[in-house]
Amino acid sequence: MFASNTTFFLGLGGQTVLRAWLVFQLTGSELKLGLVSAAVAIPMLLVAPLGGAIADRIDRRTLVATGQAMVVVGETIILVLLLTDTLRFWHLLVMATVMGSAFPIMMPARQAIIANVVGRGRLSNAMALNMAAVNTTRVLGPAVAGFLIGAVGLKVAYSINVSLYVLALVGMSGVHSAPPPGNAADESLIKNMREGLRYILEDRLVLVLLFFGLVPMFLVMPFQNLLVVFTEKIWKVGPEGLGIMSAAAGVGGLIGAVLVAWRSESTRRLGMMMFAVCALSLFLVLFAISPWYWLALPLILIANVFAILYSALNNTAIQVLIPDELRGRVSSFLMMSFSLPLLGTLPVSAVAQIVGAPSAVAGAAVLAVLAAVAFYTFSPSLRQMNERLGEAMRE
């Protein structure tokens, strides 16, 4: 499972560069970069509750394999269109929608399997280890994709990337069955979904953590989809430069995940999260206004250290708090942490087209800090997070 996950996310990391490069070469529009991201995000938001409920009803390995198969089919179609020179922008929109529909099916199950394998006692470290592997692929995937575009051309690079998705699907054949705990399958799917929603609404801390994690990420993470604008319009460093920039962000993410694993037993998580979001916004502003590409590289690396630190601390806190029998359903709401930042690319890219990418990214970073401070100020449940987590971890 670990190998399959790593291979899949290696392909996904490469695709971030390949898809952004394709869209920008076909259209030259910042707004259309945002439209593709929105095409991924909207079905993720709509299908996520259903995918989470299903993850608590049937075999989780089957769900992961089904989602990966959908990605393989869709990406193969895009590859054929690219090889025959018939690819159009609307094809990428349709494929983005397929990806957005597949992710809510497999990602809640993928998250829930971790708890099946290691148990709640080791869950925090296991999730951090998994995130470390994912962020390693975020280093290698974009860097290799960027260099391959320049070295062997876009078509060969895309072919290699599709083969990674195929290998990930093949890898799932070696994973044992992972039936969900509890008796959710004895009830209706609608009732399962209602139970998950009811739990989130009744547990005030889990509800606040969901939004506390989502709102700042909605504002700041769209910078990743706008990196192609910085590298093409501002610094003019080509696909290799985009690959290096994406890899630098991935290195930062890897460091952030390692820090979470190292500090997994910390009782000061809330303070770490507040510090992380403030530092993230500061370094993102400095990145946005940097006039030099080589200065921007360490700035984006450090910014992403704090982005992953913030996101991982938030997500693992939620996973520690929730009961096992509801894990798939609640994990489906964590899919918003993937989809909302993608959806946030649309307004941020629209602003970027009007005022420029640097001003749009810097402004969004400042708003993220203000949002985090507002959550801390007005939520007593959030301010008591460390005590509640301590009780859950002792349990």
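Predicted model: local features only at pLDDT ≥ 70, side-chain atom pairs only at ≥ 80, totals over all residues.
Residues are numbered from 1 along each chain as its sequence is written, and side-chain values use heavy atoms, without hydrogens and water.

Start with helix H3, residues 60-83, and helix H4, residues 89-118. Helices here are DSSP runs of H or I, at least four residues, numbered from the N terminus. The axes of H3 and H4 come within 8 Å and cross at roughly 155 degrees. Those axes are lines fitted to C-alpha atoms over the stretch in contact, with angles from 0 to 180 degrees between N-to-C directions. H3 is therefore roughly antiparallel to H4, a term for angles over 145 degrees. The residues of this contact are 16 nonpolar, 6 polar and 4 charged.

Next, helix H11, residues 269-289, and helix H17, residues 385-394, have axes that come within 8 Å and cross at roughly 130 degrees. H11 brings Arg 269, Leu 270 and Met 273, while H17 brings Met 385, Asn 386, Leu 389 and Met 393; contact means heavy atoms within 4.5 Å.

Last, the second largest pocket. Its lining includes Met 1, Phe 2, Ile 113 and Leu 129, where lining residues have an atom within 4 Å of a pocket point. H4 returns here, giving the most to that lining, with 4 residues.

Note on methods: Helix = DSSP H or I, 4+ residues; strand = E, 2+ residues; numbered from the N terminus. Parallel < 35°, antiparallel > 145°, perpendicular 65-115°, else oblique. Nonpolar A, V, L, I, M, F, W, Y, C, P; charged D, E, K, R; others polar. 1 Å grid on protein atoms, 1.4 Å probe; cavity = no way out; pocket = protein on both sides within 12 Å on 5 of 7 lines; lining within 4 Å.
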